[in-house]
Amino acid sequence: MRRLFAIILVCALIAGVGVGCKAKTGVVNLGGIFCMTGGSATFGTSSKNGATMAVEEFNTAGGAMVGGVKTTINYINEDDAGSPEVGASAAQKLINQDKVIGIIGAVMSKVSLAVAPIAQAAGVPEISPTSTNATVTLVGDYIFRACFIDPFQGTVMANYVYNTLKLKTAAVLYDNGNDYNKGLAEFFKAGFEKNGGKVVAYEAFTDEDKTVDYKAQLTKIKATNPEFLYLPNYYGSAALILKQAREMGLNVPAGGGDGWDSPDLVKIGGAAVEGGVFSNHFSKDDKSPKVQDFVAKYTTKYGEAPDALAALAYDAAGLFLDAFKTAGSIKGSDIRDAMKKTTFVGISGAYKFDENRDPIKSAVIIKIVNGQQTYVATVNP
Amino acid sequence: MGQFLQQLINGIQIGSIYALIALGYTMVYGIVRLINFAHADIFMFGAYMGFFLAPVMAKVFGGAFIPTIIAAMLITGLLGFVMEKLAYRPLRYKSRLSALITALGVSIFLENFCAMPFVFGPTFRAFPDLIVAKNIPIPGNLGLSVSNVLLLDIGVSVILMVLLFWFVNKTLIGKQMRAVAFDKPTASLMGINIDVVISTAFIVGPALAGAGGILYGTTYGMLASPFLGIWPGLKAFIAAVLGGIGNIPGAVLGAYIMGISEAFATSVNSNLGYGIAFAILIGILLIRPSGLLGKFMPEKV
């Protein structure tokens, strides 16, 4: 630990000297780790877009003052391919080679759980835009997130289905190889049963990147006659499951979590996903001026409307940069302390961290109507 | 009872797709004693061909399914032919290990080449709806149902398998293939052109995998990434081994056992699903190490 500290100190000195010699501006690196390839690649692309936009705006606005020197950010994006192993080596590269002052990422909880111990050991703050599994930030005090956590999301959906849709029985089909899916499934079941509902089937499959056939599980689920089908999986498998369910004549309403938020859900699922409801962090149809302004800027820049992934990555990077500016330091611990005290107001709501560095903020319910995401309601914590 | 039969139907559907892939493994192995690991990627290639060709075929012919499956089979057959010529033929009389490693290399190359953004790209593709899925309830009080996609999968694979059996058993080249599989040096002394026979195996096997790819695309409606062949390919390979690698009816039998045990195991406990299925397979191989229909053949020295 002391050696590490010494290395960081030397790096800081070198950086300081370099900055001092050249002129009055400095540049520091900020890393991003997202899944740019693989089954959830649209998540990575949106996240990278959001983070890049936040960095560009920060630099245009003049950056931060670090020890009297105007400092801007150089953003370095890495691909984790949706795999914890690849994510971990990307984190090593960013920290040891690029000497980043912080890491934005990853998208998936399982990847963030692999990145977090590395960032924590190196004393580099990490903020995940979208990893909702509760254990991610428990890794250590340098680990933050910009989204609400699985318990909240699973519970919100359970309450919505039981109280608003007035459905009393539900079946769950989830990927038991992924912390995110498992977390949502557990908290949905707990919340739904607490309300008095009954989870009639609780079925699993292993690894949604490898599974394409869900008929065996669906046959079993169909025999229990559920009124609602909860699929807390990513959009690819959620769409596939629904397609196969409809093909088998299982035509009950279905829902999921923020993993459904992708245009590809409808592209793959077509009519099968129509009427599906899911919990999310942000809706582009939210009428507040801040959201509409962001949607307009993003659409001009990237040629498509932002999804929640883009909004959260924008918020995560924005929050980090805001803390960096407040701290006026490139030291991990200074930025961390500033992040803990943040009152940053982002696109997806006002941020305030609890003692586990999880934000306390609201969720929205979105419904697929005519193949379009339609905003239904905002649910407060 | 109803659920039991429904799971059996599910298993037969998956088994049909596995069978089409397993046949290619077993044919190539029977003739050149090579496990062509790139076979799974030929299956993937066939599926992507369907993705690209279906809209064109729909425009030209009006209906898409039959022209698409034929075109995909022709293209994957050609791919198999070229693959053998370029990668395996130069190594034919070298150590079998070199050919095996080459097969792995070809597999990794195909996957990663196809994953490049300007080839197929690494992301999800929604497969065009060659037919619109419809649920068809079976009359009776068991609550059974099939879908038109399921019937199509089973129908197409049965037709192709019947054609293959006719080809192998009744045509001259088929007889030559069996002769080469039985004893290569003697067959060549009898005037059989080994090159032609091997090329034929490398065309027919991949063509079947191409058809399997189209059925896969039609059934699941999406292509996850150019790595999608790995998992079905692995299962089909195990099915071929289970049935007795080198034996054509064995591959079909193995594939159906694989599909059905997978469906049943998943319905018993979805957390352990594949685990149970693979345990059954290990059990069978312990009793019959050369596969269900395979003959025990000691290595000739």
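In this predicted model, H2(A) and helix H11 (residues 308–327) of chain A have axes that come within 7 Å and cross at roughly 35°. The crossing of H2(A) and H11(A) is right-handed. From H2(A), the contact draws on residues including Phe43(A), Met53(A), Val55(A) and Phe58(A). H11(A) answers with residues such as Leu309(A), Tyr314(A), Gly318(A) and Leu321(A), among them. By class, the contact of H2(A) with H11(A) holds 13 nonpolar and 5 polar residues, and no charged ones.

Next, the interface. 29 residues of chain A are in contact with 28 residues of chain B. Five elements of chain A each give two or more residues to the side that touches chain B:

| Element of chain A | Residues |
|---|---|
| helix H2 | 41–60 |
| strand E8 | 198–205 |
| helix H7 | 215–223 |
| helix H8 | 235–247 |
| helix H9 | 263–269 |

H7(A) gives the most, with 6 residues. The side of chain A that touches chain B has 9 nonpolar, 10 polar and 10 charged residues.

Then the sheet. In chain A, 7 strands form an open sheet with mixed pairing, in the order E8-E7-E9-E10-E11-E14-E15. Its edge strands are E8 and strand E15 (372–379) of chain A, each pairing on one side only. Neighbouring strands of this sheet are turned by 25° against each other on average, direction ignored. Strand E9 (residues 228–230) of chain A pairs with strand E10 (residues 254–256) of chain A in the parallel sense, over 2 bridges. Leu229(A) has Ala254(A) as its bridge partner in E10(A).

Conventions. Residues are numbered from 1 along each chain as its sequence is written. Chains are lettered from A and ligands numbered from 1 in the order in which they are written. This is a predicted model: local features need pLDDT of at least 70, side-chain atom pairs count only at pLDDT 80 or more; totals for chains, interfaces and linings use all residues. Two residues are in contact if their C-beta atoms, placed from the backbone, lie within 7 Å. Helices (H or I, at least four residues) and strands (E, at least two) are DSSP runs, numbered from the N terminus. Ala, Val, Leu, Ile, Met, Phe, Trp, Tyr, Cys and Pro count as nonpolar, Asp, Glu, Lys and Arg as charged, and the others, Gly among them, as polar. Two strands pair if DSSP finds at least two bridges between them. Axes are lines fitted to C-alpha atoms, for helices over the stretch in contact, and angles run from 0 to 180 degrees between N-to-C directions. A crossing is left-handed if the near helix is turned anticlockwise from the far one by less than a right angle, and right-handed if clockwise.
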